[in-house]
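Please look at the model first.

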Amino acid sequence: MTIEIDNLRISFGDKEVVKGVSFKVAQGASFGIVGESGSGKSTVLRAMAGLNNHWSGRIAFSGEDAPLKRPPAFFRKVQMVFQDPYGSLHPRQTIDRILSELPLVHGMNDIDARIARVLSAVALPQSARFRFPHQLSGGQRQRVAIARALIAEPQVLLLDEPTSALDVSVQAEILNLLADLRVEQNLTYVMVSHNLSVISHLCSHVGVMIDGHMVEQVTAEDLRLGNVQHAHTRELRTLSVELEEPA
Amino acid sequence: MTSAFRNWALSETPSSRRQAAWGNRYRAWLNFKGNPLGMIGLTIIAIFVLMAILAPLLATHNPATQELGNRLAAPSAAHWLGTDELGRDVYTRILYGARVTLGMVIAVVVLVAPLGLAIGCIAGYFGGIVDTILMRITDIFLAFPRLVLALAFVAALKPGVESAVLAIALTAWPPYARMARAETLTVRGSDFIAAYRLTGASSWRIIFRHIAPLCTPSLIVRVTLDMSSIIITAASLGFLGMGAQPPSPEWGAMIATAKRFIFEQWWVPMIPAVAILLVSLAFNFLGDALRDVLDPKGN
Amino acid sequence: MLVEIQNLHIGFQSRTGFAPAVKGVSLKLGTEKLGIVGESGSGKSLTARALMKLLPKQTRIEADRLAFDGIDIMSASEREMRQIRGKRAGFILQDPKYSLNPVKTIGSQVAEAWRTHKGGSKRQALEAAITLLEQVKIRDPKKVAGSYPHEVSGGMGQRVMIAMMLAPDPELLIADEPTSALDATVQAEILRLIEELVSERGMGLLLISHDLPLVSHFCDRVAVMYAGRVMEELKASELLSAQHPYTRGLLNCMPSLIHPKERLPVLTRDPEWLK
């Protein structure tokens, strides 16, 4: 599913936080948005998911313009994974209940089989199914959050800092899982992160945002080699590279 | 049998929805059992409820039969708690009175808790104009002192148990609505609610399936703690002649009719007063214990 | 020695039993910069908190020796601890939002911190506060002093916290994930600032973080913790060539910008490490 964003503007009250962002993502590709807090990167993602109604411009999936209020069928195609695995699962519901909500809303059949299938897709044991979120580790919870998105059998996955709340060892597992899922299920990704190495690991194209503008779009390869134009991109790259080099 | 249930319920890896739900309940019960005051409260309430249900079996007399020759008798083998100003058996009237008083309390709670919960959750979730309208209505009801509003309401209708229940219900819901709204506001913006919006579920489904259950535990605690004040309001209305009408053996009305004898035959008004005190105290103990078990902020 | 920890054990007593969290940690710190790195649950924060006796009541602490500048922490009274906390040792926490009083101006809070320890008039304190804000490289200290915590950015808030901690001229600074709520650009500035201040004033620094590369850049020595134990202790400059399989595993599983990996190696935990 191709994605086109054209001159997207988003305001909170009088304050414009996204000031005309445009980018395109090809079918099956993965696009990363990098930026610091307040740059508007997560706001872009939430507007794409349909969680924000105060936008203007164009958001289109497969050439079809998304309306301000998305119809339920939209959520079968586009799903999202949130940053904080502790806050994105209902604290008093079992994993089973959390996963079965979307199939129930859409009147899907074989809910049991679907749940079993997504649990194994994210490499969670079936025994996790009737447990509560607080009985799982951070990494397991993020797998549940991914499973919840997958149960819709979506074509697009929007990832909002999916690993920034996790330890690096767990981050590696989740990043590997996301890479595998993209190939297996033919997904298109848009990922937001503040971490250049995470984004360049998963995404082939990267957009850099600062203060509501997307100031530069580069390939991950050019980012790696330092073929970048904008000063902010260069600054972020330098910081990231400095840390990687031995002290 | 019990140990088999224990192992099944406490399993770290439940294999069905039912088992997970029972596990949760059983853990809550274990927590609750560790609180002695809570257990005392629960026991007292259970005893009074049983007394109310089994009143015809436990009673020694007919609650309405008068023995005018034996008025204001002291407790004795024939009349365990003595007789009142019309020679009626006080023990029997306390039993039947439990039906009236507890019945009123339950009726109020059944009316009020869901209403307060629904109004609070709806106001909190939608926000904006819906919130403003619902909360201003709540404020209006909150502005009146409970007993005064209830009195005015009962006076406008006809005095009786039904009007008293309605009047208390009318004055009892606003705090629940405020509380449910506050809880809703804390979860409304959370990621897990956003995730449910991304299923395509309607706002109503999100409010009643996902938000309301989160507000219920603190609501249950609050309602339990409020029970005693509901009992006292009901009794006060009875005392003022605006609640249950004679000869109905409502506890507050019993105190009212016997109040003249407080210096000479003090046990006559004292016995229903002790019943009110015991039940109110029991509900407070229960509420405190439930707060420890149910309130997620305590954990 | 500023800090001496020998065979420290910390555990939690709950209804279901006793859960050990720190199992025999030994560390020493002089006037140098020591980093403690580890994953969540490794016990790194608990260790630092135990040193200041900042643990909840139901925690059990045992140690052969737990000392700050020769003072035995295990037997110190609450009064003696207050002399150490905030005065001789400053504590910088992750998110300044929760550590600053939202209804007081920044200037008055820093001034109050200075006055509690140094005495003097309100006017002197406010002047001292502005000097302190200058020292943490706030460009317009007078303006910042007059603003409220919610009016400044996260990085600025963290500078203010550092200024407050510096007020009583402490000998030790404990920083628990001081920059993990901050942007990369701000993170580097704050750490450089802490580093400079610590060197200038000859303080000891205990930097607790989950970020190995970060710690290796800003500390002299690093202790790597895993599951309540210290796996290895080494010079920060040698961290990236560490020998212990746990440290190596952590470093390997990070994605890299300059050396892309097709697939990230996954850390396999060896029960042998805990023997």
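Of the two pairs of chains in contact, which chains share the most contacts? Chains A and C do, where a contact means that the C-beta atoms of two residues, placed from the backbone, lie within 7 Å. This is a predicted model, in which local features need pLDDT of at least 70 and side-chain atom pairs count only at pLDDT 80 or more, while totals for chains, interfaces and linings use all residues. Residues are numbered from 1 along each chain as its sequence is written, and chains are lettered from A and ligands numbered from 1 in the order in which they are written.

The model scores ipTM 0.92 and pTM 0.88. For chain C, pLDDT (the predictor's confidence in each residue, from 0 to 100) averages 89, and 100% of the residues score at least 70.

The contact between chains A and C draws 25 residues from chain A and 26 residues from chain C. On the side of chain A, the elements giving two or more residues are helix 6 (168-185), helix 7 (196-202) and helix 9 (231-244); helices are DSSP runs of H or I, at least four residues, strands are runs of E, at least two, and both are numbered from the N terminus. Helix 9 of chain A gives the most, with seven residues. Chains B and C, by contrast, are joined by no contact, and their closest C-alpha atoms lie 9 Å apart.

Turning to the backbone, A:Ser62 has a phi near 50°, a positive value in a residue other than glycine. A:Ser62 lies in the loop between strand 4 (55-61) and strand 5 (64-65) of chain A.
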